[in-house]
Amino acid sequence: MEIEPPLQVFYNALMKKDGEEGENGRILEDERELVVEECDELPLIDLGLLKMGNLEREKCKRQIVEAARNWGFFQVVNHGVPERALKAVMFEQKKVFNQPFEKKSLRNFMNLSGSYRWGNSQAISPTQISWSEAFHIAVLEVPSLEDQYLSLRSTVEGVVKKFGGLAESIAEILGQSLGMKSSYFEESCKRGRSSFRLNRYPPCPFASKVYGLVPHTDTDFLTILYQPPQINALHLMKDGNWLAVKPNPQALLVNIGDLLQVVSNDVFKSLKHRVIASEAVERFSFAYFYCPSDDVMIESCTKPSIYRQFSYKEYRQQIEKDVEKTGDKVGLPRFLLHNIMHVSNQYLMSTNSRDS
């Protein structure tokens, strides 16, 4: 049976409907985004220093804070996750993705509720297509993986525990630099909506026309990503330019999410990033998303605030509405206080005009 999701059928239908293909066979897009530079300066931080003396420990903390301030993305080595565990997840996820598409797409596959995703069902233009498939698994649901997938369950449980501890430690260091309560992240995320995502990027016959994963920011506090050293598929946008991140086989990649940008009042930035499609190479990766509970209120830790206060549930629901309506995530701009004030002023002006 066919293991591939029907990406090509979906792509052809959308292209025919939309008609946005340029004369050179590429999707029309901002020319700035076509320029990709090698990213040779991405911070590389040795977390082993945290287990040494005070001087080394404080040096490492400063490096983490500076990387989060200046980049929003950084790599960590000596992170405490054994290489064999990372490779074991990679081995297990390949077996799962090799299941027939009809089986993977079942609502309750592996005893999980709708964890399998492919492409972008809300896409309304070719530039919104993601040429990929994924299993997005809530951390709290990992123990529910049925016994038929015992090896996957035990492997993922071990890595999720390591990634979760690592995310909490890094978040606490960043929070301390902002003067936040030391237990904030532990309390917010202990029973939160953190998740683990297994990614597969199949070879794409239209690699120059679609993304592996569309440009986006992450809807969380922190993301921890493992990508094997195959191709420079991950790009991040910094200062208006796309930078290609070269995989480091010894490192994990950490990036700031939207929620931490709000909590830090824009001290730390959630950078837009994307995954390019490949015509010949099948690519895998997996990521941990460090998230709070739905009822946790997200607000800036310093004043005056750039963003209004909102719950994590409200933020997720707004993203879902925007994606359903436009095919894209709007994200943080929806919650900027100056946007709200601008709309209110416009309303008052129109009301006063009618009254006069």
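Me: How are two packed helices described?

Reply: Two packed helices are described by the angle between their axes and by the distance between those axes. In this predicted model, take helix H2, residues 54-70, and H5: the two pack at an angle of about 80°, with axes 10 Å apart. That angle makes H2 roughly perpendicular to H5, because angles of 65 to 115 degrees count as such.

Me: Which residues of H2 and H5 meet?

Reply: On the H2 side they are Lys 61, Ile 64, Val 65 and Ala 68. On the H5 side they are Ile 170, Ile 173, Leu 174, Gln 176 and Ser 177. By class, the contact of H2 with H5 has 6 nonpolar, 2 polar and 1 charged residues.

Me: At what angle do helix H3 and H5 cross, and how close do their axes come?

Reply: Helix H3 covers residues 83-97; its axis comes within 9 Å of that of H5, and the crossing is at roughly 135°. H3 and H5 are therefore oblique to each other. As for handedness, H3 passes H5 in a left-handed crossing. From H3, the contact uses Ala 85, Leu 86, Ala 88, Val 89, Glu 92, Gln 93 and Val 96. From H5, it uses Ser 151, Leu 152, Thr 155, Val 159 and Phe 163. The residues of this contact of H3 with H5 divide into 8 nonpolar, 3 polar and 1 charged.

Me: What sets a cavity apart from a pocket, and how many cavities of 30 Å³ or more does the structure hold?

Reply: A pocket is open, whereas a probe placed in a cavity cannot get out. The structure holds 2 cavities of 30 Å³ or more. The largest cavity contains about 50 Å³ of space. Its lining consists of Gln 75, Leu 225, Tyr 226, Gln 227, Val 245, Lys 246, Pro 247, Asn 248, Ala 251, Leu 252 and Leu 253. Strand S8 (222-226) and strand S11 (252-256) are the elements that give two or more residues to this lining. The lining of the largest cavity divides into 7 nonpolar, 3 polar and 1 charged residues.

Me: What lines the second largest cavity?

Reply: Ser 132, Glu 133, Ala 134, Arg 197, Asn 199, Tyr 201 and Leu 213 line the second largest cavity, which has a volume of about 30 Å³. Strand S5 (133-138) and strand S6 (195-201) each supply at least two of the lining residues. S6 has the largest share, 3 residues. By class, the lining of the second largest cavity has 3 nonpolar, 2 polar and 2 charged residues.

Me: Turning to the loops, where does Gln 99 lie, and which residues does Gln 99 touch, not counting those up to four places away in sequence?

Reply: Gln 99 lies in the loop between H3 and helix H4 (101-104). Leaving out residues up to four places away in sequence, Gln 99 touches Ile 3, Lys 104, Phe 109 and Tyr 149. The C-alpha atoms of Gln 99 and Glu 2 are 8.5 Å apart, although 97 residues separate the pair along the chain.

Me: What is the backbone feature at Met 110?

Reply: Read phi together with the residue type: Met 110 is not a glycine, yet has a positive phi of about 65°. Met 110 lies in the loop between H4 and strand S4 (116-118).

Me: Which kind of peptide bond, cis or trans, joins Lys 303 and Pro 304?

Reply: Here the angle to read is omega, which is about 0°: the bond joining Lys 303 and Pro 304 is cis. Pro 304 lies in the loop between strand S14 (297-298) and strand S15 (310-311).

Notes: Residues are numbered from 1 along each chain as its sequence is written. This is a predicted model: local features need pLDDT of at least 70, side-chain atom pairs count only at pLDDT 80 or more; totals for chains, interfaces and linings use all residues. Side-chain values use heavy atoms; hydrogens and water are left out. Axes are lines fitted to C-alpha atoms, for helices over the stretch in contact, and angles run from 0 to 180 degrees between N-to-C directions. Helices (H or I, at least four residues) and strands (E, at least two) are DSSP runs, numbered from the N terminus. Angles under 35 degrees count as roughly parallel, over 145 as roughly antiparallel, 65 to 115 as roughly perpendicular and the rest as oblique. Contact means heavy atoms within 4.5 Å. Ala, Val, Leu, Ile, Met, Phe, Trp, Tyr, Cys and Pro count as nonpolar, Asp, Glu, Lys and Arg as charged, and the others, Gly among them, as polar. A crossing is left-handed if the near helix is turned anticlockwise from the far one by less than a right angle, and right-handed if clockwise. On a 1 Å grid over the protein atoms alone, a cavity is a set of points where a 1.4 Å probe fits but cannot get out, and a pocket is an open set with protein on both sides within 12 Å along at least five of seven lines; lining residues have an atom within 4 Å of a point. Grid points are joined across faces, edges and corners, and a volume is the space filled by probe spheres set on the points.
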